[in-house]
Amino acid sequence: MSLTLYARELRRGVLPFFVIAAILTMYIVSVVYMYDPKITENLSLIMSTMPDAFAAFGMSHAATTMTGFMLNYLYGFLFTWVPLLLIMMTVNRMVVRPIDRGSLACVLSSPVSRPCIAITLAAVMLTVLASMLALIIVAQLACAEALFPGELNRAELLRASVGLFCLWTFMAGLCFASACTFRDARAALWVGGGACLLMFLAKMAAQVGKGLEFLQDANPVTLFDPYGLAAMSGDAALDAAILAVVGLALLAMGAAVFCRRDFDV
């Protein structure tokens, strides 16, 4: 791995990282602050009047504890969609745009092998996601402890967060493989990113539409079950591990394509 390239790419991604981090932190503070028995009852009443809308965004679970409340209003939608934006921005900055503009020639002409470059770019992606995960975990724990000491089950939250990282790894692998494979810049960015969006939309449709449950059977993102992970029930941990393994395999596949591809630079 090239430490110089690794550090450079991390520096270049500081601004979008902190913008996304600020958005997520703002919502974390808002959701934790909303945890109040009276407000929770009001939200339950609103949920009963619009069950399909809440189900579509993964917020249909009854939240009787603070951990359940945070899983319902953060992990069902916000922590899955917003990080996808960060993944696409990172892939576009590191791979798609340099290839499209020809600036990748500077990196390829350096005394660093292609496998080393590809591994470094994949490592940057995983580092960005791991840093984001650490930040949102700290933000949740800090806010919960400051506003409602002792209410949050930390072990349950951490288990759900590990599963969330597995989902992020899968999305990152799909976007990275797409960026390394397709020559057209729009296809390179949107085949992977668009596939993730379609998976989420299919999941939303399956949660709402009658007769559309089959959309979940072949949908990888449904393997992420934050409630099952928190409760250590069923095959939730195994399903999350499958997401992580597939994501790492896609990263490896993208790196292999990167090493063999002829770039027009």
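A salt bridge is defined here as a side-chain nitrogen of Lys or Arg within 4 Å of a carboxyl oxygen of Asp or Glu. The structure is a predicted model, in which local features need pLDDT of at least 70 and side-chain atom pairs count only at pLDDT 80 or more, while totals for chains, interfaces and linings use all residues. Residues are numbered from 1 along each chain as its sequence is written, and side-chain values use heavy atoms, with hydrogens and water left out.

By the rule above, the model contains 5 salt bridges. In one of them, the side chains of Arg12 and Glu9 meet at 3.0 Å, N to O. Both residues belong to helix 1 (residues 3–12), and because they are 3 residues apart they are separated by about one helical turn. Helices are DSSP runs (H or I, at least four residues), numbered from the N terminus. Glu9 is buried at 2% relative accessibility, whereas Arg12 is partly exposed at 35%; buried means under 20% relative accessible area, exposed over 50%, and partly exposed in between, with a 1.4 Å probe and protein chains only.

Glu9 also forms a salt bridge with Arg93, at 3.9 Å from N to O. Arg93 lies in helix 6 (residues 78–101) and Glu9 in helix 1, so this pair ties together parts that are 84 residues apart in sequence. Arg93 counts as buried, with 7% relative accessibility. A further salt bridge joins Arg186 and Asp184 at 3.9 Å, N to O. Here Arg186 is exposed, at 65% relative accessibility, and Asp184 is partly exposed, at 41%. Salt bridges that share partners link Arg8, Glu9, Arg12 and Arg93 into one network.

The discussion now turns to the packing of helices. The axes of helix 8 (residues 114–147) and helix 12 (residues 236–260) come within 9 Å and cross at roughly 145°; axes are lines fitted to C-alpha atoms over the stretch in contact, and angles run from 0 to 180 degrees between N-to-C directions. Contact, meaning heavy atoms within 4.5 Å, involves residues including Leu121, Ala122 and Leu126 of helix 8 and Leu248, Leu251 and Phe258 of helix 12.

Leu251 is buried, with a relative accessible area of 4%. Apart from neighbours within four places in sequence, Leu251 is in contact with Ala122, Leu126, Ala172, Gly173 and Phe176. The C-alpha atoms of Leu251 and Ile119 are separated by 8.8 Å, although these residues are 132 residues apart along the chain.

Helix 5 (residues 66–75) is largely enclosed by the rest of the structure, because 10 of its 10 residues are buried.

Methods
Helix = DSSP H or I, 4+ residues; strand = E, 2+ residues; numbered from the N terminus.
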